[in-house]
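Please read the following report alongside the sequence and the coordinates.

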Amino acid sequence: MRLISLIAAAAAMLAGPALSQTRSVAVTFDDLPFQTTPEGLCDADNVRRLTTDFLTMLAPLDTHATAFVNEGRMCDETREQALRGILTLWLEAGVDLGNHTFSHINIHRSTPEAYLADVDRGDDVTRPLLAAHGRDLIWFRHPFLFTGETPEKRAALEAGIAARGYRVAPVTIDNEDWRFGQAYRRAESEGDEAMQARIGEAYVAHMAAVLDVVEPYSALLAGGAEPPQVLLLHANSLNQAWYPAIHALFMARGYRFVPLEEAVSHSVYSRADGWTRANGVSWLHRWALADGVPFQPEPDTPQWVVDYAENRQTSG
């Protein structure tokens, strides 16, 4: 934990030059209330503790974050009683909330009608809670970044989401932190602190490698200057421990942290997105496809992390 304290201190020291920074990033966290075991999500006190620890970590970092809720992640027995209070903690910490569907539904395995019903069910708690805080529920993010693998599905989702008053939250930086998080949870469950540290360090190094690709790629697609980025992360124990290092990495590269609304006000985000392939990708690849620009894929997650996450024989 001393390493994390030093990282957080370094981030605070870097705050001084922030006014001269020209890069910007909107930080987003998916899968609220938390990525943990099904058993852990059935324990309301546990989810509250995880949430409090996560928000305590975020508090000094001034991220202006937005977080996306799957209301169905908590068990039926505890959801109605506990979820409102847990989401209130996020709002009181200054984090905006968006809809990520009720069940993290996969459009490739469902109909548009079922998908949109899941969207509607996903705001039962979040929408009135935001209203009670004088705010509107405006942001929606597709699970898996899947936006429909056929033109017909794509059009139906777009129309249904827009009719509900939502704005889609795009993503330009996706570094598979969910995979590192999966590995990290295994190391936690096994009490392997050395492996937790190894995974965390690999996660930060991987993020740096992703930025090495994304920064010039985004500049190319935006006409020469890097646009504001939108970073996709998840609310999990990996980020509770290692997000301060990610934050410090961005600061060291000249980023300031902005609300999602500010980031997507850049003109590049008004470009058409006609992606209808059977996978979910960042908006950079969507714009590249529209422009006929060769994809510049993000670096692969280290194979040993994937193997460890999936409890296979590791290769490194």
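The paragraphs below describe selected local features of this structure, which is a predicted model.

**Strand β7 and its partners**

Strand β7, spanning residues 229-236, is mostly covered, with 8 of its 8 residues buried. Strand β1 (residues 23-35) runs parallel to β7 and is joined to β7 by 7 bridges, and within this pairing Asp30 stands opposite His234 of β7. Strand β6 (residues 173-174) also pairs with β7 in the parallel sense, over 2 bridges, and here Ile173 has Leu231 of β7 as its bridge partner.

**Asp31 in strand β1**

Asp31 lies in strand β1, and it counts as buried because its relative accessibility is 5%, where the cut-off for buried is under 20%. Leaving aside residues up to four places away in sequence, Asp31 touches Phe68, Asn70, Arg73, His100, His104 and His234. Two polar contacts of the Asp31 side chain are set out here.

| Side chain | Polar contact with side chain of | Distance |
|---|---|---|
| Asp31 | Gln35 | 2.9 Å |
| Asp31 | His100 | 3.3 Å |

**The disulfide**

The count of disulfides comes to 1, and this disulfide is formed by Cys42 and Cys75, whose sulfur atoms are 1.5 Å apart. The pair links distant parts of the chain, 33 residues apart, with Cys42 in the loop between α2 (38-41) and α3 (44-58) and Cys75 in the loop between β2 (66-69) and α4 (76-92). The torsion about the S-S bond of Cys42 and Cys75 is about -115°, so the disulfide is left-handed. As for accessibility, Cys42 counts as partly exposed because its relative value is 37%, whereas Cys75, at 12% relative accessibility, counts as buried.

**Helix α12**

Helix α12 comprises residues 283-291, and its buried residues are Trp283, Leu284, His285, Arg286, Trp287 and Ala288. What covers these buried residues of α12 includes α7 (151-163), β5 (167-168) and α9 (193-221). At the start of α12, a side-chain oxygen of Ser282 comes to within 3.2 Å of the backbone nitrogen of Leu284, and Leu284 is itself one of the buried residues of the helix. After α12 comes Gly292, which has a positive phi, near 70°.

Terms used:
Residues are numbered from 1 along each chain as its sequence is written. This is a predicted model: local features need pLDDT of at least 70, side-chain atom pairs count only at pLDDT 80 or more; totals for chains, interfaces and linings use all residues. Side-chain values use heavy atoms; hydrogens and water are left out. Buried means under 20% relative accessible area, exposed over 50%, partly exposed in between (1.4 Å probe, protein chains only). Helices (H or I, at least four residues) and strands (E, at least two) are DSSP runs, numbered from the N terminus. Contact means heavy atoms within 4.5 Å. A polar contact is a pair of N or O atoms within 3.5 Å; within protein, one must be able to donate a hydrogen and the other to accept it, and residues adjacent in sequence count only if both atoms are side-chain atoms. Two strands pair if DSSP finds at least two bridges between them. A disulfide is a pair of cysteine sulfur atoms within 2.5 Å.
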